[in-house]
Amino acid sequence: MHHAHYTRTAKTLHWLMALMLFGLLALGFYMSDLPLSPDKLQLYAWHKWAGVSVFALVWLRLAWRVLHRPPALAASMPTHMQWAAHAGHFALYVLMIAIPLSGWLMSSAKGVQTVWFGVLPLPDLLGKDKELGLRLAEMHEALSIGLLLLIAGHAGAALWHHFFHKDDTLRRMWPAR
């Protein structure tokens with residue numbers, strides 16, 4: 001059954017993940033240029049904890065989306081815009097999975113185990129390989145830049161629809177009705 005708005009759970013997951021992703025991106029770009037210190041190591045630990053949390057939340061969000069169909073796109077939206085919206089959402093989900101996974105792989109290759117909230121050790125996915133760890137770090141950063149650009153496009157499209165097309169694209173995901 002289609003509704004005019006997303007469910008409260010879908011909206012909560014959307015905005016929670018948006019806040020977490022903005023925080024992770026900002027923290028990631030900030031900490032990467034810091035000199036090695038105990039503070040930098042603590043920031044990396046927090047970044048990894050939040051990254052694992054986003055990785056878990058994206059799977060919850062995907063399950064929710066499968067079980068609770070999102071509202072149909074505006075009937076007035078041209079076919080090419082509908083295709084672009086679906087492709088953009090697909091790309092967002094791919095990156096929300098690929099980025100934490102690349103970080104986990106990078107940590108494994110660098111020989112630094114990921115321990116969620118300092119309590120739950122996650123298994124290393126790769127053996128220690130310094131060169132692979134460096135390549136995965138570059139991939140992690142490139143994917144993060146791609147996500148940042150995609151988020152900007154996503155937000156820009158929502159604002160475009162709201163202010164220029166004057167449809168309900170933005171309102172249906174807005175936290176309050």
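Predicted model: local features only at pLDDT ≥ 70, side-chain atom pairs only at ≥ 80, totals over all residues.
Helix H2 has a set of buried residues: Lys40, Leu43, His47, Lys48, Gly51, Val52, Ser53, Val54, Phe55, Leu57, Val58 and Arg61. They pack against H1, helix H3 (79-109), strand S1 (115-116) and helix H4 (130-165).

**Helix H2 and its partner H3**
- H2 runs over residues 38-67, which makes 30 residues.
- From its first C-alpha to its last, H2 reaches 44 Å, close to the 44 Å expected at 1.5 Å a residue.
- The axes of H2 and H3 come within 9 Å of each other and cross at roughly 145°, and the crossing is left-handed.
- On the H2 side, the contact is made by Lys48, Gly51, Val54, Phe55, Val58, Trp59, Arg61, Leu62 and Arg65.
- On the H3 side, Tyr93, Met96, Ile97, Pro100, Leu101, Trp104 and Ser107 take part.

**The protein as a whole**
- The secondary structure comes to 4 helices and 2 strands.
- If you follow the sequence along, the pattern reads α-α-α-β-β-α.
- Taken along the principal axes, the box filled by the C-alpha atoms is roughly 55 × 25 × 25 Å.
- The protein has 177 residues, and 34% of them count as buried.
- Among contacts with a separation of 6 or more, 70% come from residues 24 or more positions apart.

**Helix H4 from end to end**
- H4 has 36 residues and reaches 51 Å from its first C-alpha to its last, close to the 52 Å expected at 1.5 Å a residue.
- At the N-terminal end, H4 is capped by aspartate 129, which has a side-chain oxygen 3.3 Å from the backbone nitrogen of glutamate 131.
- After H4 comes lysine 166, with a positive phi near 55°.
- The buried residues of H4 are Gly133, Leu136, His140, Ser144, Leu147, Ile151, Ala158 and His161.
- H1, H2 and H3 are included in what covers those buried residues of H4.

**A closer look at histidine 140**
- Histidine 140 lies in helix H4.
- Because its relative accessibility is 15%, and buried means under 20%, histidine 140 counts as buried.
- Leaving aside residues up to four places away in sequence, histidine 140 touches His47, Ile99, Ser102, Gly103 and Met106.

**A closer look at lysine 11**
- Lysine 11 lies in helix H1, which spans residues 8-32.
- Is lysine 11 buried or exposed? Lysine 11 is buried, because its relative accessible area is 7% and the cut-off for buried is under 20%.
- Lysine 11 and arginine 172 are 161 residues apart in sequence, yet their C-alpha atoms are 8.8 Å apart in space.

Terms used:
Residues numbered from 1 in each chain as written. Heavy atoms only, no water. Buried < 20%, exposed > 50% of the residue type's maximum accessible area, 1.4 Å probe, protein only. Expected span 1.5 Å × (residues − 1). Contact = heavy atoms within 4.5 Å. Axes fitted to C-alpha atoms, helices over the stretch in contact; angles between N-to-C directions. Left-handed = near helix turned anticlockwise from the far one by under 90°. Polar contact = N/O pair within 3.5 Å; in protein donor to acceptor, adjacent residues only side chain to side chain.
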